[in-house]
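Have a look at the sequence and the fold, then go through the points in order.

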Amino acid sequence: MRVSLEWLNEYVNLDGLQPETIAEALTNAGLEVETIETVGGIFSGVIVGKIETVSPHPNADRLRLVQVNLGAKGQNQVVCGAPNVAPGMRIAYAQIGAQVINRKEGGLFELKPIKIRGIESTGMICSLEELGLDEQYTRQGDGIWPINDLTEEADLGKDLKEVLQLKPDTVLDVTPNANRGDLMSMLGVAREVSALFKRPFKGLQPKAFSSSSDSNYQIQLTEPGICRYYGGAVLENVQVGESPDWMRQRLVNAGIRAINNVVDITNYVMLEFGQPLHAFDIQKLGSQGTINVRYAKPNETFLALDGVNRQLMGQSVVVTFNDHSVALGGVMGGEETEISESTSTVFLESAFFPPASNRRSARSVGIRTESSARFERGVDPLTCQLALHRAIELLEKYAQASFKSLTEDDHRRHEKLEIPFSLSRLARILGLAISAQDVEAILQPLGFEIKPTGDPDQRLITVPSFRSQDVYREIDLIEEVIRIYGYDAIPYTLPKDTIAPVQSFRSRLLKAIRMNIRGAGLSEVATHSLIGEGLLQRTGFSQDLASTVSVTNSQSQDHTFLRQSILPNLLEIAKYNQAQGNEEIWLFELGKTYFKRRLAQEKDAGIDEPLHLSGLIMNSPRQGIWHQQLETDFYTIKGVLENLLDHLNVKQQCRWVQESTLNALHPGQTAKIKLGKIELGFVGKLHPALQEELKFKSAVYLFEINVEVLYEHLQKKPEVLAVESAAAFPSVRRDIAFSAPDTVTHQQVVAALRQTQEPLLQEIQLFDEYRGTQLEHGYRSLAYRLTLQSPTETLTEQEIEAAMGKLKRQLSEQLPVSFR
Amino acid sequence: MSPVSHDLKEQLSSLQHEAEEALAKALSLKEVEDLRIDFLGRKGRLTTIKRGVKDIAESERPLVGAFANEVSDAIEALIQKRLSSLKHEALEAQISQETLDVTMPGTFLPMGQLHPLTLVTEEIVNIFQGMGFSAIDDNVCPEVETEYYNFEALNFPPDHPARDMQDTFYTNVASNVLLRSQTSNAQIRYMECHQPPLRVVAPGRVYRNEEVSSRKGVMFHQIEGLLVDEKTTFSDLKGILHEFVRLFFGKERPTRFRNSFFPFTEPSAEVDVQCILCNGAGCRTCGHHGWLEILGAGMVDPNVLKGVGLDTDRYTGFAFGMGIERLAMLQYSIRDLRMFYTNDARFLRQFRGTD
């Protein structure tokens, strides 16, 4: 809301207070001041002039030489580019040294003599924008501002501000908190200033109009839940016209367009009291009937004041006249019954629409107005009549209206709320004691009544009706006191008891994973969890629709559903970095993925959010390549994962299965990883076709594992590891080599060796693979180094031979191998 | 001394002299070894000369025998000296041959670096851990959440405009399922299964349906803090946050607490820190106010405590929430929030050495 200080000064004396001081105090007390703006004549040195002659500029087609008559101040020549310059036009002339607004950059600049295309130009003819008056005055088309209607011949040479009676004003743009409907009014803001600066608050007491019955208009609220009070006044002989200048100025400064005196008065009173009003043209409404407020009927549509015909919903609240909708209650009036220049009889509405149903109604039609913004925050339930009386008073005065009748239907049940308030409780919550006198000095100007009780620590505090929406407990009163008293006064203390923080197993695991992968050379990235179909298409991925969580109200195609894999993001980041000239790309992300798994309940969304670890490598970032070149291939990325699994001590339990279910991966270079029987993830090479499509210059290798599988597995292990002492007897190493068809996998060899359950066998290390001319096509030779050790003795040569014999026999029996 | 003895001694002396000359000419370890065999071996020349000892008078034998031993020791010493000198030369030659250009680059696989948001999150968590706060695990507080935890339990009345304060993403899962708009669901999730005293922080992703800009994204990270105990006061909140600011920004900095409104805290505050760029003088980053808004905080609303079954006469608490991107941007003078998610290697690389 825009708060004019000139207006505010009517309710609380602001003498001697700088706008900045007021702004800071309001901000600290919870009414955040976004901007402080000077309006209505920020310029200076501008006088009234009249165009005498217009002639072409000798050196420019679009410029003209204009002779300006400045009355007693003589005549000057101005070079002007405006299309609408015409002789006889009275204009705003900025003299040399004048301060006007720079239209491109904002802010003021000082006018200096200048030569434009070789011709001297003295001063400038101003547009509305250059004077900063474009909000206040309107004109059609571009160019300079003609002021023939606003000035007279005798004004030539006089100061424009004096002639137009422009009063500079300071406007604070404030954002009230979502629970403070009362601060959407000038009187509400004035109360705050009054409490903050301890200056008296001057309220507004309009002339009273008593309610009477009108035989032509009945109000019968059939659903008091959505409208608790409805008052309608009939005003006759209304003269629709312009509002007085001061009112137009205040409306403009408040950011509301001036329309005509009837509409302006409803807006003006809304700004004063925070109570939205609406005026109907009775000729259009109907001469006789019943007013009601009800929910919209199925398929009902409504043509609102903004010219849009809207489909109403079940939650839309409408004001009806003889059951015909004439307004969206508390949101917007209808075009059918709009006030126009020909209006002569007005039906003026003041009603109380409760916040929740009003908000639902406004949302159901997708509009938010000055009116709904107030009702949804909660207006003072007792202010309806006061605002109505005020509007009648102003219509009588400024639209020559004569009051005919005021009909009401009142279902408000406002009970005065009294809250026991304890000074010691305040001190206990804040860590600061505030005296009873100070508490009273703060609460009274805000409209609270304070009564003593028998207990010196206790007070009984009555909440004013305009605060009934946000103050209903002792804690709310404590906040009232401290926000005015100032948070600054509260000391800085630290909680007295110490608590030792706990590091969870999960957080240690995640940290270990990050540090390991990072140590392996991959850099961490952070990408969006909320992705779009485009990303999947661009990277050749898809995800399971049935378990996908989609958002229903996204504004962007790029953010429509939650990811189930991090890899599309990583591919996109890799593409971006390649385009930026990076050739070596090693990335990982440890992040959530999202799967719909169960039916949603009140307290369970039914979503699993497993943490995934994904990695991508392309080329090698190895340093010192003059010395040793390292090719990046499938085994490089597999090694990254194995190193992690080894570090976490689960490598032995993992199996690698040649299997690809992902179209994006090379079918011959993809492995699924299983931890026991559970799928942990996969590793593989990006499909060559996709590599080409995505324009990667080198092969790309990827992995993704489900960290939850690791977490579940590792969590089962005992927290304390019982460590055995290292064996005291030396180990021996023996090599074996054999040839075998390619179909025999390394994993099968290891499994066969392990199957012997040879107690001496400790480690199995593959140290060579050979294919070539020495071997038949489709065969390869594998060489292993086996480590043998006994926990109880130094092995003899015979024992070693016996064990090796057993191992070789087992291999030959299980697999088609031939030893060399 | 008999002439025989004299002759033997002469032979021994000349043998030593001969050995000295021969060793000086030996250029390899093998040649020296051959000379040892020739002079001192079992069938060597010294042995041959020593055989003559039996021909001399018994009385002179000890004297000549002793002299023969002296010569033997002297030749052995010469051999050792020559060996050592040759070994030294060989080592010199090896070292000279193995000399490298040590200015050429070493070979290594560079470590990756962690993402700035991870680093800043860790830093914040560490600071609060130092003050006794434990971090809540990510799997305790879902990002796809129900209205209950995102709003209701946090004292957002149904159909209250406070629900519009954050533009919430709703989902196709059910009408009450949304993407959490704040990490405050952690408060409820944690309090539902833990009893005071509580001191926790909970970092995580949150979502807002907003236009993406240099300062706002549809997704960003927050960290929630919660302390519930007997006798917890607003002044404790001020103290903890002031200490956080001091530790995070590296030095004591003025903080400003302004009144604000959050449904789940009462009284509520927005906390500003004196602008770290202009020290309060006013600059573009702080919008010429001299202050930077960094977090929202307040005393936990009694309705929230009651909702999780806590006795509000006994327990009070405070909660706070801050945007991690916002703090990271201030910490590292980053102008555009989107840089965190573009993941340009040249941007990320600059965070090496910060952890």
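1. Let's start with B:V120, which counts as buried because it has 26 C-beta neighbours inside 10 Å. For the cut-offs: 20 or more other C-beta atoms within 10 Å of a residue's own make it buried, 12 or fewer make it exposed, and anything in between is partly exposed, with C-beta atoms placed from the backbone. B:V120 sits in helix α5 (residues 116-130) of chain B. Leaving out residues up to four places away in sequence, B:V120 touches B:I324, B:L327, B:A328 and B:Q331; a contact here means that the C-beta atoms, placed from the backbone, lie within 7 Å. B:Q97 is 23 residues away from B:V120 along the chain, and the C-alpha atoms of the two are separated by 51 Å.

2. A word on what you're looking at. This is a predicted model, in which local features need pLDDT of at least 70 and side-chain atom pairs count only at pLDDT 80 or more, while totals for chains, interfaces and linings use all residues. Residues are numbered from 1 along each chain as its sequence is written, and chains are lettered from A and ligands numbered from 1 in the order in which they are written.

3. Now chain B as a whole. It has 12 helices and 10 strands; these are DSSP runs, numbered from the N terminus, with helices being H or I of at least four residues and strands E of at least two. Its radius of gyration is 44 Å, well over the 20 Å from the globule rule for 355 residues, so chain B is more spread out than a compact globule. (That radius is taken over C-alpha atoms, and the rule is 2.2 Å times the number of residues to the power 0.38.) Along the principal axes, the C-alpha atoms of chain B fill a box of roughly 135 × 45 × 45 Å. Of the 355 residues in chain B, 44% are buried.

4. Chain A next, with 22 helices and 40 strands. Its radius of gyration is 41 Å, well over the 28 Å that the globule rule gives for 820 residues, so chain A is also more spread out than a compact globule. Buried residues account for 40% of the 820 in chain A.

5. Where do the two chains meet? The contact takes 86 residues from chain A and 80 residues from chain B. On the chain B side, helix α8 (residues 234-249) gives the most, with 8 residues. That side divides into 40 nonpolar, 25 polar and 15 charged residues; Ala, Val, Leu, Ile, Met, Phe, Trp, Tyr, Cys and Pro count as nonpolar, Asp, Glu, Lys and Arg as charged, and the others, Gly among them, as polar.

6. In chain A, take a look at strand β11 (residues 169-175): 5 of its 7 residues are buried, so it is largely enclosed by the rest of the structure. Strand β2 (residues 32-39) of chain A runs antiparallel to β11(A), joined by 7 bridges, and A:T35 has A:D173 as its bridge partner there. Strand β1 (residues 2-4) of chain A is also antiparallel to β11(A), with 3 bridges. (Pairing takes at least two DSSP bridges between two strands.)

7. Last, which residues of α15(A) are buried? They are A:I513, A:R514, A:I517 and A:R518. These cover an arc of only 120 degrees around the axis, which puts them on the same side of α15(A); the arc is that of the directions from the helix axis to the C-beta atoms.

Methods: Contact = placed C-beta atoms within 7 Å.
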